[in-house]
Amino acid sequence: MLLRFWGTRGSIASPGPGTVRYGGNTSCVELLTRGGQRFIFDCGTGARDLGHHLVSAQPQPLAATILLGHTHWDHIQGFPFFAPVFVPGNRITVCAPQGAKRTLPEVLAGQMEYTYFPVELGQLGASIEYHDLSEGVHDLGGVRVQTQFLNHPAMTLGYRIEADGASVLYLCDHEPYWEALWRSDAEPGRLVSILHDGDRRHAAFMENADVVIHDAQYTPEEYVTKKNWGHSTYAYATQIAAAANVRRLYLTHHDPTHDDDFLDQVEERARALARGLGTGLEVTCAREGQQVGVARTENGAALAPGAPAGEAGASRPLRILIADDHEELRHMVRRALLKGGHEVLEAASGTETLALIHSGKPDLVLLDLKMPSPGGLAILRTLRSQEETRAIPVIILTGEGNEESARICFELGATDYLAKPFSLPQLDARIRSCFARAAQL
Ligand SMILES: [Zn+2]
Ligand SMILES: [Zn+2]
């Protein structure tokens with residue numbers, strides 16, 4: 001496989017004298033298999049140069065599959081400037097996680113309304129197909145593409161492509177599920193020592209990969225004030241990739257405020273960290289224009305197991321029970337869920353929660369740990385011990401999250417564990433990914 005970075009910047013394009021070496025265009029990475037299948041991870045402003053290259057240097061007509069992690073601006077703004085979509089005869093497939101309210105063509109058409117752009121989506125010359133993807137394994141033009149939800153304040157998919165005997169992952173935008181990566185009583189650096197189930201699943205997804213392209217927008221110092229914004233630090237990406245026995249890591253989605261000299265330092269710090277971990281992981285800050293050959297290795301030969309993708313069920317309205325004794329929090333969450341088209345049940349105590357679970361049959365429960373009796377833990381234990389409630393996804397909400405409590409909750413069968421305060425888009429994305437995953441089991 002051949003990889004080429006066309007855009008390595010996160011959030012907004014940042015051209016200028018300070019970003020000459022790492023580049024100022026937003027996310028766009030091209031992957032070409034030996035068999036000639038072309039995948040494009042995200043369509044940030046880097047897609048403009050890629051499109052120009054494809055139209056001027058490749059035989060026409062051409063076919064390409066665009067894999068969007070999500071539809072935030074920095075991942076779609078290059079789409080209307082991607083020249084191949086204007087050329088009749090070209091076949092373009094666009095895949096993205098199923099949206100919350102609007103379909104993928106509706107979202108892409110939104111940024112091309114006449115108010116914003118002179119050509120509408122329906123006027124494009126190429127034949128364009130759209131696919132909603134959920135979590136699982138997909139066959140895209142004979143290539144194995146595995147998807148998994150990431151942790152971002154929007155439904156976001158990470159991609160793992162296996163071709164030519166090697167594996168490449170694209171994991172933007174994502175942030176740690178939990179601040180501490182390792183359990184304190186276990187040996188750090190190993191998958192089993194990861195504290196939060198979400199982070200462990202993320203590591204397992206990239207296990208034994210040849211190349212991982214990972215969000216690394218912040219330094220650990222910056223992350224302190226950027227929590228819940230949906231991005232990683234180079235330290236998280238490096239540690240988790242090393243634990244997963246990844247061979248090469250490309251840090252990307254660089255913060256717009258990080259100039260070339262700053263990114264040189266990030267690369268140096270990440271490499272020092274990787275050396276200390278002693279796994280042989282190679283780390284590079286991705287540069288716009290950089291080209292990388294990905295060949296078969298011992299590592300990459302192993303295919304990650306994965307369930308076939310089922311029905312994408314994330315966008316139907318859900319019946320969600322909010323079990324929390326804080327009226328203000330219930331009120332805030334209720335408003336957001338109703339706006340998202342969901343049905344809402346509310347309980348202010350443990351007794352009410354259990355009664356509503358049995359009478360209201362919710363699709364998913366948001367469960368506060370500290371509630372008048374019985375508390376959240378006792379409720380979780382009860383739910384998991386009864387046949388009819390065993391499979392209901394439960395997202396634990398906690399004001400005083402700590403390692404011990406997270407471990408106990410996961411051992412008892414919690415689906416997710418989320419610290420307050422959280423943002424509403426973040427909660428919405430976690431609800432949708434939990435439910436989509438549960439619906440496939
Ligand atoms: Zn982004
Ligand atoms: Zn984003």
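Two strands count as paired if DSSP finds at least two bridges between them, and strands here are DSSP runs of E with at least two residues, helices runs of H or I with at least four, numbered from the N terminus. With that in hand, let's walk through this predicted model, in which local features need pLDDT of at least 70, side-chain atom pairs count only at pLDDT 80 or more, and totals for chains, interfaces and linings use all residues. Residues are numbered from 1 along each chain as its sequence is written, chains are lettered from A and ligands numbered from 1 in the order in which they are written, and side-chain values use heavy atoms, with hydrogens and water left out.

Start at the open sheet, where five strands follow the order β16-β15-β17-β18-β19 with parallel pairing. Its edges are β16 (343-347) and β19 (416-419); each has a single partner strand, so one side of each lacks a neighbour in the sheet. From one strand to the next, the twist averages 20 degrees. Strand β15 (residues 319-323) is joined to β16 by five bridges, and Arg-319 stands opposite Glu-343 in β16.

Now look at the helices on this sheet. Helix α8 (residues 327-339) lies across β15, β16, β17 (364-368) and β18 (394-398), at about 165 degrees to β16; such angles, from 0 to 180 degrees, are taken between N-to-C directions of lines fitted to C-alpha atoms, for helices over the stretch in contact. Helix α11 (residues 403-412) touches β18 and β19, contact meaning heavy atoms within 4.5 Å.

Next, the nonpolar interior. A nonpolar core is a set of buried Ala, Val, Leu, Ile, Met, Phe, Trp, Tyr and Cys residues joined through side-chain atoms within 4.5 Å; buried means under 20% relative accessible area, exposed over 50%, partly exposed in between (1.4 Å probe, protein chains only). The largest has 33 residues, and Met-206 and Val-212 are among those touching the most other members. Helix α6 gives the most to this core, with eight residues. A second, separate core of 30 residues includes Phe-41 and Leu-157.

Finally, visit the metal site. Asp-74 (OD), His-75 (NE2), Asp-173 (OD) and His-253 (NE2) coordinate the zinc ion (ligand 1) at 2.1 Å; donors are N, O and S atoms within 2.8 Å of the metal (3.2 Å for Na, K and Ca), and sites may look incomplete because water is not among the atoms. Asp-173 also coordinates the zinc ion (ligand 2), 3.6 Å from ligand 1. His-75 counts as buried because its relative accessibility is 0%.
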